[in-house]
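Trainee: I've got a model open and would like to talk it through. Can we take it piece by piece?

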Amino acid sequence: MKVDVLLGLQWGDEGKGKVVDVLTPGYDIICRFQGGPNAGHTLEFAGQKYVLRSVPSGIFQGDKINIIGNGVVLDPALFKAEIEQLMASGHTLTDRLFISKKAHLILPTHRLLDASNEASKGDAKIGTTGKGIGPTYTDKVSRNGLRVGDILNDFDSKYKKAIARHEEILQRMGFKYDLAPIEKEWFEGLEFLKKFTFIDSEHYINNSLKKGKSVLCEGAQGTMLDVDFGSYPFVTSSNTICAGACTGLGVAPRNIGNVYGIFKAYCTRVGSGPFPTELFDEAGQALRDSGHEYGSVTGRPRRCGWIDLVALRYAIMINGVTDLIMMKSDVMDNIETIKACVAYKVNGKETEEFPFDINEGVEPIYTELPGWKTNMTKMQSEDEFPEEFNNYLSFLEEELGVRIKFVSVGPDREQTIERYKD
Ligand code: GDP
Ligand code: IMO
Ligand code: MG
């Protein structure tokens, strides 16, 4: 049995989509297990660029089965737009993209509730992607949600009941809205969704495992956005960590094999919330410029900073990472001196342990390393790596205690170097 998991170790946008695409040939089934269209996973190959939101990133290499698992929240309107865009570029998915009947539906009013909640928080807003993620998971946990399987059975009355409840909340909050246009789009999406096969994905996946098939689970967001272990309350509303693959797909913990933890050679974050190594000067702007650090969902500039090894060690621990994957090293090709945060000073006391609260009073302690000042984007093997880059890799492996199996030197599928072949 083999279920491998690939997930983000930072605050999202580490490059998960790219690497899932690269690893897809080694698997039979690729699954999303949490999150929804708050995700934006970018892939580049053959001069084309694709941004996936709800569709797993395993759709481009071979005719692999792709599954949207029960832990995902799905917006039919955005799903339709995403699929239509893929169809326009020649990718038809109805026969190999399956959707769990237990995945929860993002209703049009969930998006309004997301906006209304954010507005009511004022300066303390989370800076969500506005896709209705929080309210949909709230309804799931409070046992009010609607699931994909509900579409097949007396849907209208369930829908009306849910909308009435949401409208009452919106009116109580004094939120002004116009439901009709988004509702129309949503129902068009719902009709479109019915073209796809709804499955009991937990049975499908476990039966496939029994037949010797292999599964790759694609995380969305990142560990520091996990609802339990992230920088709460500035997090998303799902379990983005490895355990989320068990609950979000119905996979038993003992069937989890490799856990690929992916991180950028530096660090970024979108939305509000603490970010100890954030740079507010021209160094941060340089990372933003050379890394094109603008959100793939909302277009917002991403906040940029140095790599945070305290947060990374914590993420590796929580997820049981077996292999690391370092992305966007080329973005640091021109940097003279690189900084890496090796510890925090919290209220004057030095610690290497990730604290309960990083909202205030956390001061990063840095180690400096010389930059490699070499264009790495055309490199094909690690034999070509400059000495300073090898030193950076060794330093990170030593600090993090896990090997860095892949290094990415550009956005294209081809710009990926495997360092350990097993
Ligand atoms: P995801 O959400 O984790 O899938 O990541 P995103 O797609 O939101 O953000 C990663 C961005 O970095 C995308 O624009 C990718 O095309 C790009 N990217 C991925 N790997 C590399 C890399 O090694 N170098 C550079 N320069 N860009 C990369
Ligand atoms: P991928 O999968 C980066 C952030 C939002 C906000 C917080 C909560 O592309 O890495 P939500 O809409 O989930 O309620 O927003 O989480 N966020 C992401 N940041 N990448 C993502 O996804 C994100 N998904 C949500 O910016 O701070
Ligand atoms: Mg992204």
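**Talking through the model**

Trainee: Let's start with G35; which loop is it in?
Mentor: Keep in mind that this is a predicted model. G35 sits in the loop between β2 and β3.

Trainee: And is G35 buried or exposed?
Mentor: Look at what surrounds it once you skip neighbours within four places in sequence: G35 touches G71, V72, V73, Y137, Q221 and S238. The cut-off for buried is under 20% relative accessible area. G35 has 0%, so it counts as buried.

Trainee: How far apart in space are G35 and S237?
Mentor: In sequence, 202 residues separate G35 from S237. Go from C-alpha to C-alpha, though, and the gap between G35 and S237 is 7.8 Å.

Trainee: Which residues are the protein donors of the magnesium ion (ligand 3)?
Mentor: One comes from the loop between β1 (2-8) and α1 (16-23), the other from the loop between β2 (29-32) and β3 (41-45), and they are 27 residues apart. The donor atoms, an OD and an O, lie 2.1 to 2.2 Å from the ion. The residues are D13 and G40.

Trainee: Is G40 buried or exposed?
Mentor: Use the cut-off again: under 20% is buried. G40 has 11% relative accessibility, so it is buried.

Trainee: A46 isn't a glycine but has a positive phi; is A46 buried or exposed?
Mentor: A46 has a phi of about 50° and lies in the loop between β3 and β4 (48-52). Anything over 50% relative accessibility is exposed. A46 reaches 72%, so it counts as exposed.

Trainee: What about K373, which also has a positive phi: how accessible is it?
Mentor: The phi of K373 is about 45°, and its place is the loop between β18 (362-370) and α11 (387-400). Its relative accessibility is 46%, so K373 is partly exposed.

Trainee: Zooming out, what radius of gyration does the protein have, and why does that agree with a compact globule?
Mentor: The C-alpha trace spans about 65 × 50 × 40 Å along its principal axes. For 422 residues, a compact globule would come out near 22 Å, so the protein's value agrees: 21 Å.

Conventions
Residues numbered from 1 in each chain as written. Chains lettered and ligands numbered in written order. Predicted model: local features only at pLDDT ≥ 70, side-chain atom pairs only at ≥ 80, totals over all residues. Heavy atoms only, no water. Donors = N, O, S within 2.8 Å, 3.2 Å for Na, K, Ca; no water. Helix = DSSP H or I, 4+ residues; strand = E, 2+ residues; numbered from the N terminus. Buried < 20%, exposed > 50% of the residue type's maximum accessible area, 1.4 Å probe, protein only. Rg over C-alpha atoms; globule rule 2.2 N^0.38 Å. Contact = heavy atoms within 4.5 Å.
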